[in-house]
Amino acid sequence: MLLAFKEIQREKLRYSLIIALIALISYMMLVLSALALGLANQNTSAIYGWHAHSIALNEQADGVMRASMLTQDQVNSIKEHTTGQTAEIGFTSTRLTSKSDTKHSVNFLGSTAQSFMFTNTTLSEGRMPQATHELVVDKALAHSAQLAVGQQVTLGSDNTPYKIVGIAQDAKLSVVSVVYGLLSDWHNISPVSPTIAASAVISTSGFTSKNGTITTSGQTTANSAVSTYTIAQFIQHLPGYSAQNATFILIIAVLAIVTLVIIAVFLYIIVLQKLPNIAVLKAQGIPTRYLIRSTLVQGTSIVTVGLILGGIATLAIAWFIPESVPMYFSLPLQGVTALGLILMGLLGSLLPALQIRKADPIALIQ
Amino acid sequence: MTTPTNPEHYALAMRDVTKTYGSGNAQVMALRHATLNIPHGHLVLILGPSGSGKSTFLTIAGGLQTPTSGKITIDGQDISTLSKHELDQLRLAHIGFVLQAHDLVPYLTVEEQFKLVDSVKPKGNLSKTQLNALLQELGVDQLKHTLPSNMSGGQQQRVALARALYTKPSLILADEPTSALDSSAVHTVGTLLQNIAHTQHTTIVVVTHDTRLASLADDVYHMQDGVLSYSLGQYHQ
């Protein structure tokens, strides 16, 4: 691809500017995709840690766990509608106060000591709660609040001390650190009526339900119905999760389209300037497909070099970025973003390629 | 000596070639029943004023456009039956074009202009030694690593000629190669073309309005209003 690379080499300023522009866009796309993934991870890392397949919530909660309350009858019915292991979850948002009197918002998730949710949760140290007033805290919270196994904290307005017995590897739900404890403790700190047995029931398999609804045995009113969701559906119902992801996807898509337009316009103008030379080359018998390939190579080369520079800038920024910024790098996702960008470069080169096809040597000679 | 009539004996032969543009009242006949036979190793001039049909002749002879009627053969091959791709191949292998401007790719050095040809036609070109000898003969051997923008018009034209000869074509079609040159340079270029035609057995057809080259040509044709007529005599008296 002598033509493609020699032109870039000899027209350094022109191509450097466009590469710089692509590098900037690549950087923005890579950072935004890392942020999108980081935020998504902060919404869902605890959920994925359970390795559950499905979840059942009160129908009135509309898929939101914090709004769901299940009676014991409902819990029993739910368990009858699945063949997998089940775990009851008591959910409440509360405040954790450390020994140094600093306060942190947390999502308390209570379950039974032998539940698969506890068994599946990955710990970086310690163990899961086995007795009342024992807690496992998210590693990020432990780091920021300087909590350690063996320390005591309080939850909400209750002054009862809770002992930290473990640190969970990565446990966040709706961008808030999760604290695991027993279901009985949930009853103590949650302002729910004693008739409420849990917020949700998760299962390692699906629920047998009709249109996602279980009619419970103790159902006396329509409000007693239970809705079932796969974990993927449940995640989509997390407050703000879908809107946040859609916003990021939209921004990244717009940036990809901007790349396409930049490459198309830039190469189109360059090709217009080169048309007399292209016409002569065609007259001399240089195949049109060779000239088109040369332009496509230029388009993809510009994007690839810009992408590499953007990637380096992203890594450099990631090195210095504070921990509080939720950036999460995933090679497959960043790879898809990079491939998408290269594809845009290739597509952007098609318009100028069309112009090359039309270049007429006869017009030049006459 | 008997002149051969079989087109296979000629580098370029045209039989009753006509080219018409437009239709109805707007119809223009750019080439009218042109017939000629150009032998191998001849320097041939097609002289004529602007708008006489010279460029149409050149583009049809070079397979860039098809005639409305008539037959054209290059080295005995009827080019009217060739596909676009085959015409590209024909131009690349058998025809060298030397045009008024834009012959050289502006961002390639002289050496790279030949590498470009190698990248699409790797075989059958001049060897490195032959190319060096040609560049030396043309007086541009010192410019191998020079970009066209750093060369004079005359130097560019000679490199363009070398570029056209690089594929060892049997036919070179040149469009006004001397239009921007003074008389002395015209004589130099003309002698060079004549020498190439005679020593390398390459047929060179020059389309021009510049009569200064006529005395060096083996054959001279006049083109007026699309009509081609043989007129060597008046320039070789």
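Me: At what angle do the axes of H1(A) and helix H3 of chain B cross, and how should I read that angle?
Reply: This is a predicted model, and in such a model an angle between helices is read from the N-to-C directions of their axes, on a scale from 0 to 180 degrees. Here the axes of H1(A) and helix H3 (residues 110–120) of chain B cross at roughly 150 degrees and come within 10 Å. Because angles over 145 degrees count as roughly antiparallel, H1(A) is roughly antiparallel to H3(B).

Me: Which residues of H1(A) meet which residues in H3(B)?
Reply: From H1(A) come Leu2(A), Leu3(A) and Lys6(A), and they meet Glu112(B), Lys115(B), Leu116(B) and Ser119(B) in H3(B). Sorted by class, this contact of H1(A) with H3(B) holds three nonpolar, three charged and one polar residue.

Me: How many residues does the contact take from chain A and from chain B?
Reply: Chain A gives 19 residues to the contact, while chain B gives 24 residues. On the side of chain A that touches chain B, at least two residues each are supplied by helix H1 (2–10), helix H8 (241–283) and helix H12 (361–365). H1(A) gives the most to that side, with five residues, and by class the side of chain A that touches chain B has eleven nonpolar, four polar and four charged residues.

Me: In which sense do strand E7 and strand E8 of chain B pair, and what lies across E8?
Reply: Strand E7 (residues 171–175) and strand E8 (residues 203–208) of chain B pair in the parallel sense over five bridges, and Leu171(B) stands opposite Thr203(B) in E8(B).

Me: Which residues of chain A does UniProt list for "transmembrane region"?
Reply: The unreviewed UniProt entry lists residues 15–39, 248–272, 299–321 and 333–354 of chain A under that name. In the model, the span 248–272 of chain A is 100% helix and 0% strand, with its end C-alpha atoms 36 Å apart. For residues 299–321 of chain A the end C-alpha atoms lie 32 Å apart, and the span is 96% helix and 0% strand.

Conventions: Residues numbered from 1 in each chain as written. Chains lettered and ligands numbered in written order. Predicted model: local features only at pLDDT ≥ 70, side-chain atom pairs only at ≥ 80, totals over all residues. UniProt positions renumbered as here; feature names shortened; annotations may be inferred. Helix = DSSP H or I, 4+ residues; strand = E, 2+ residues; numbered from the N terminus. Pairing = 2+ DSSP bridges. Contact = placed C-beta atoms within 7 Å. Nonpolar A, V, L, I, M, F, W, Y, C, P; charged D, E, K, R; others polar. Parallel < 35°, antiparallel > 145°, perpendicular 65-115°, else oblique.
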